Structure formats: structure tokens, C-alpha cells
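This report looks at how two chains of one model meet. The sequence and structure are shown first.

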Protein chains: 2
Amino acid sequence: MSRTPSEEKNLQLVLDMFANVLEPLDSSAADQYISPDYIQHNQSVKPGREALKEFLDWARGENPNSTHDIKRAFVDGDHVVVHYHVRRWEGDNGWAVCDIFRVADGLIVEHWDVLQNIEPGGPNPNSPF
Amino acid sequence: MSRTPSEEKNLQLVLDMFANVLEPLDSSAADQYISPDYIQHNQSVKPGREALKEFLDWARGENPNSTHDIKRAFVDGDHVVVHYHVRRWEGDNGWAVCDIFRVADGLIVEHWDVLQNIEPGGPNPNSPF
């Protein structure tokens with residue numbers, strides 16, 4: 001395995017954030033993982049950590065039973081990538097999401113993502129994951 | 001830098017594939033980078049290497065001046081991640097794309113991607129990249 005101890009730590013920070021913030025949509029746990037200087041690149045959310053917490057609260061109200069299934073995760077230095085499946089409700093085809101996080105000093109400081117609706121019925125019988 | 005020689009090689013293979021296959025949409029160079037057993041997870045393309053080459057030929061016919069600007073790229077063992085901006089024509093807002101490749105024995109053997117339209121005018125003044 002080629003991961004350094006620092007990379008393992010960065011990856012674990014992000015996986016812990018998924019488990020404790022994103023999966024339960026729990027804004028109260030966000031400050032343990034997200035820097036106060038958080039730079040948001042998702043175009044649908046206002047910038048900054050406070051806006052992220054408001055978004056989590058909103059999402060929890062809209063879809064309290066949503067799930068975020070991690071399919072694969074990678075780390076390269078201070079960047080962590082997570083490929084996962086969001087389903088907002090039972091039976092939802094959901095979204096494929098690729099998140100990229102930059103970590104500094106034990107906190108997530110920057111975030112990019114790409115999100116795509118999963119639409120069954122295309123020409124490829126392979127799973128999107 | 002935490003990348004091993006093998007990781008550097010895997011990353012370079014993918015960057016070379018972008019330069020020589022994806023950016024020029026040149027299917028004739030694909031066999032140098034893509035395994036005959038290529039597993040495609042993009043839902044809009046038929047599975048396999050030959051279908052990928054047909055897709056490249058089609059895309060080149062549709063949008064011969066398209067560009068693929070790499071914003072960041074990562075490697076973790078045998079997986080390479082590329083975050084890039086596709087524009088099909090001048091002035092196209094384009095797509096944000098995150099590609100994930102698995103490399104084995106010096107060839108790309110598996111590919112997942114997530115693709116999103118870039119839509120200006122949202123609540124976040126930060127760039128999607």
C-alpha cells in the first residue's frame with residue numbers, strides 16, 4: 001500500500017465526516033471536520049461553512065431518509081476523492097456523485113463536486129458504479 | 001511527494017491518454033492506452049473498447065473543436081482521478097466531469113465518470129473548478 005500516514009489520516013477524516021455529518025445530515029457535527037475558512041465550489045450552495053450547515057439542515061428536512069453509499073474513495077497527498085450514490089428516498093434512482101476535498105491541518109478546507117442523475121435504460125448494461 | 005514510481009506511471013498514462021486520445025478525439029490512438037478488456041461504466045456509451053472508439057469518432061464529427069481542460073488530477077495506487085472542463089464549442093458553458101480510471105499492466109482497464117452541466121447564475125460566486 002502506497003498511502004503515507006498523513007494520507008491515511010486525511011482519508012479517514014473525510015470518511016468520518018461522511019459517517020457523522022453527511023450520512024445523518026447532522027450540521028451540529030460539521031465543525032469537527034470542516035474549516036471555518038471552507039471554500040465551497042458546489043454551484044447550488046452558498047459559499048462557506050455556515051451555508052453548508054444550513055444546507056444540511058434543509059436537506060434533512062426535505063429527505064430525512066436519504067442515504068449516501070460510498071462506492072470507492074482515494075487519497076493523494078492533501079486531496080481526497082469519494083465516489084458515492086445518493087438516494088433521497090426508497091426507490092430513488094438517485095445521483096452519482098464525485099466529491100473532491102482538500103484537507104489542511106486536520107480539517108476540510110475546500111470542496112468540489114460533480115453530480116449526475118442516474119437514468120436507467122441506457123445502452124450500457126454495466127452499473128454506473 | 002507521496003507518489004510512488006508506479007503511481008507516477010499510472011497518472012502519466014492517463015494524462016497521455018487525455019493528450020493523445022481524448023483532447024484530439026482520436027480513436028486511432030486508443031489502443032495504446034486502453035485495454036481490450038476495458039470495462040466502461042459511463043451509462044451513455046456501449047460497453048467495451050470498440051464502442052469507446054466509435055464514441056470518439058462520433059464526438060469528433062459532432063464537435064471537432066471541443067476542449068478538455070484538466071483542472072486537477074490524482075492517483076492512489078492503481079486508480080487515477082481527473083477533474084476537467086469539457087466545452088463542445090466556443091462559448092459553451094460546458095460540463096464539469098470527474099473521471100475515475102483503474103490501471104493494470106500499463107493500460108486503462110476500467111472507467112467510471114460523473115458529468116454535470118455548468119449552469120451560471122447560482123448562489124455561489126466561486127468557480128465550479
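The model is predicted, and the values given here are computed from it. Chain B is superposed on chain A by a rotation of 180 degrees with 0.0 Å of shift along its axis, with an RMSD of 0.0 Å. That is the relation of a two-fold axis.

Of the interface residues of chain B, 100% are also interface residues in chain A, so the copies meet through the same surface.

## Extent of the interface

On the side of chain B, 39 residues are in contact with 39 residues of chain A. Between them the two chains bury about 3,200 Å², and 57% of that area lies on carbon and sulfur atoms. The residues of chain B that lose the most area to chain A are B:Gln43, B:Asp76 and B:Val114, which together account for 20% of what that side buries.

## Polar features and make-up

Across the interface of chain B and chain A the rule finds two salt bridges; in a salt bridge between the side chains of B:Arg3 and A:Asp76, the distance from N to O is 2.7 Å. Also across this interface, 22 residue pairs are in polar contact, with both residues at pLDDT 80 or more.

The elements of chain B that give two or more residues to the side touching chain A are strand S1 (34-40), strand S2 (67-76), strand S3 (79-87), strand S4 (95-104) and strand S5 (107-117). By class, that side of chain B has 18 nonpolar, 15 polar and six charged residues.

How values were computed:
Residues are numbered from 1 along each chain as its sequence is written. Chains are lettered from A and ligands numbered from 1 in the order in which they are written. This is a predicted model: local features need pLDDT of at least 70, side-chain atom pairs count only at pLDDT 80 or more; totals for chains, interfaces and linings use all residues. Side-chain values use heavy atoms; hydrogens and water are left out. Contact means heavy atoms within 4.5 Å. Buried area is the accessible area (1.4 Å probe) that two parts lose on being put together, summed over both. A salt bridge is a side-chain nitrogen of Lys or Arg within 4 Å of a carboxyl oxygen of Asp or Glu. A polar contact is a pair of N or O atoms within 3.5 Å; within protein, one must be able to donate a hydrogen and the other to accept it, and residues adjacent in sequence count only if both atoms are side-chain atoms. Helices (H or I, at least four residues) and strands (E, at least two) are DSSP runs, numbered from the N terminus. Ala, Val, Leu, Ile, Met, Phe, Trp, Tyr, Cys and Pro count as nonpolar, Asp, Glu, Lys and Arg as charged, and the others, Gly among them, as polar. Copies are superposed by least squares on the C-alpha atoms of residues with pLDDT of at least 70 in both.
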